[in-house]
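Hi there,

Here's the structure I promised to pass on. Have a look at it first, and my notes follow below.

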Amino acid sequence: MTDSTTSILWVRNDFRVGDNPALYEACERGHVLPVYIYVSADAKWSPGGATRVWLYHALRDFAGALERLNLPLIIRAGEELQELLSVAKAVGATRVVWNRRYEPEGISVDTRVKAELNSLGIEARSFGAGLLGEPYRVFNKQGKPFKVFTAFYKHCLQNETVRTPVPAPRTALAPKSLPTSVGLDALELLPTVRWDQGVIRHWEVGELAARKRLDSFEPQVGGYDDARDRPASDGVSSLSPYLHFGHVSAAQVVATVRAGASDAEPFVRQVYWRDFAHYLLFHFPTLPDAPMNAQFEHFPWSGDADESVVAWQRGQTGYPLIDAGMRQLWQTGWMHNRVRMNVASFLVKHLLTDWRVGAAWFWDTLFDADLANNAMGWQWAAGCGVDAAPYFRIFNPVLQGQRFDGAGAYIRRWVPELAALPDADIHAPWAASPLVLQAANVKLGQSYPEPVVDHSQARAAAQAAYAEMKARASTA
């Protein structure tokens with residue numbers, strides 16, 4: 001330690017003691033007081049239902065980790081600057097440090113807080129911690145932001161160095177006197193009707209759990225490129241909630257897999273996709289609200305509350321792969337990425353529902369509800385984002401199921417009423433013979449729904465809507 005200053009560590013979604021640059025630096029400088037400030041639920045992009053559940057457990061786990069460093073976690077609720085100033089006054093802190101955020105509202109708040117603190121003589125310093133690189137440093141040869149992932153990825157590999165993870169603090173000192181702190185339950189993060197208990201049991205929450213998952217995945221990295229599209233297998237890392245809440249950093253993940261695998265780059269490329277999403281949101285802050293392709297402002301979306309959308313939300317569309325994915329989401333707060341692409345495509349192209357309706361549903365139900373990734377993914381599926389799949393590329397959920405879940409293991413797990421169907425019929429039960437359905441005890445329209453839409457008709461309708469959009473845009 002170089003001096004005896006007292007630093008407030010402003011905690012956000014960085015619930016770890018390892019590779020936490022702001023925490024490490026504060027501990028090196030003197031006394032440290034970690035503070036988490038919960039902003040009211042009516043703020044824009046306030047956490048969804050699933051996110052609040054995970055946040056509850058993340059705060060409890062992080063408080064325990066800090067306690068092992070002899071540090072408390074002070075919890076406050078309210079306006080960030082006011083709470084920071086209140087805590088700083090209570091303990092005589094002369095510094096506030098934090099790890100950076102990259103969402104528009106977060107950037108706005110952090111910029112204002114830093115200016116106000118500095119004007120009051122309180123040092124404010126931020127650190128890069130959550131991404132592999134800093135979005136404000138990366139531009140193409142014309143000095144403009146990249147809009148194509150491949151070009152962004154190549155540039156990063158050639159010109160940017162992945163941040164080296166910092167170790168956990170060796171020692172830590174808390175201030176002798178502590179300010180008041182609200183109890184975790186006072187934040188009212190858990191739902192009144194306790195649906196969360198069945199969902200959260202599928203996960204361990206916290207830094208040790210993240211490390212455990214990363215260590216168990218590392219030996220599989222070499223086969224990731226082949227296994228990642230098979231939703232029935234354990235071929236993906238399932239690290240997205242841990243990355244979102246900062247139980248592990250992207251730099252830690254990349255360092256671990258590169259050190260342990262001879263061919264880690266297919267997986268590392270996917271970690272860079274996460275960086276790319278944050279990069280886009282940083283440079284194009286309207287990403288969650290407006291299509292990057294302005295033509296899609298003229299798209300003739302259908303209504304957002306019809307019965308087919310409700311069927312999609314509940315996993316009752318009559319398309320087994322789609323229903324399996326939506327039920328996995330509802331029961332676990334997570335969904336396999338290959339299936340995410342399919343359920344998103346189904347909503348926007350089979351049901352002609354505005355991509356923002358789907359993004360809002362994911363925001364409320366995903367444990368990894370990351371604003372950047374969610375917005376980029378839905379714009380990609382809708383065909384209106386940068387580097388997006390063309391709108392006329394419409395996933396056939398039957399063929400996708402046959403290709404990536406040929407034996408139907410994923411469907412059988414999440415749509416058990418179809419479990420007795422033969423492999424050849426499980427992806428399109430409406431096409432099975434009456435004898436096959438009877439033998440499997442499947443009654444279409446009763447035990448399992450008829451398809452809410454015919455694929456061929458939906459494809460034609462989507463292509464017609466796309467043509468109508470182009471016509472509208474040309475005359476606007």
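Glu28 makes a salt bridge with Arg170 (a Lys or Arg side-chain nitrogen within 4 Å of a carboxyl oxygen of Asp or Glu), and their closest N and O atoms are 3.1 Å apart. The two sit 142 residues apart in the chain: Glu28 is in helix α1, Arg170 in the loop between α5 (149-159) and α6 (196-200). Helices here are DSSP runs of H or I with at least four residues, strands are E runs of at least two, and both are numbered from the N terminus. Arg170 is exposed at 65% relative accessible area, while Glu28 is partly exposed at 27% (buried is under 20%, exposed over 50%, partly exposed in between, with a 1.4 Å probe and protein chains only).

Before you read on: this is a predicted model, where local features need pLDDT of at least 70 and side-chain atom pairs count only at pLDDT 80 or more, while totals for chains, interfaces and linings use all residues. Residues are numbered from 1 along each chain as its sequence is written, and side-chain values use heavy atoms, leaving out hydrogens and water.

Helix α1 (residues 21-29) also holds Glu25, whose partner Arg95 lies in strand β4 (residues 95-99), 70 residues away. Glu25 counts as buried at 13%, and so does Arg95 at 1%.

One more pair to look at is Asp196 with Arg194, at 2.7 Å. Asp196 is buried at 1%, whereas Arg194 is partly exposed at 38%. In total, the structure has 25 salt bridges.

Cheers
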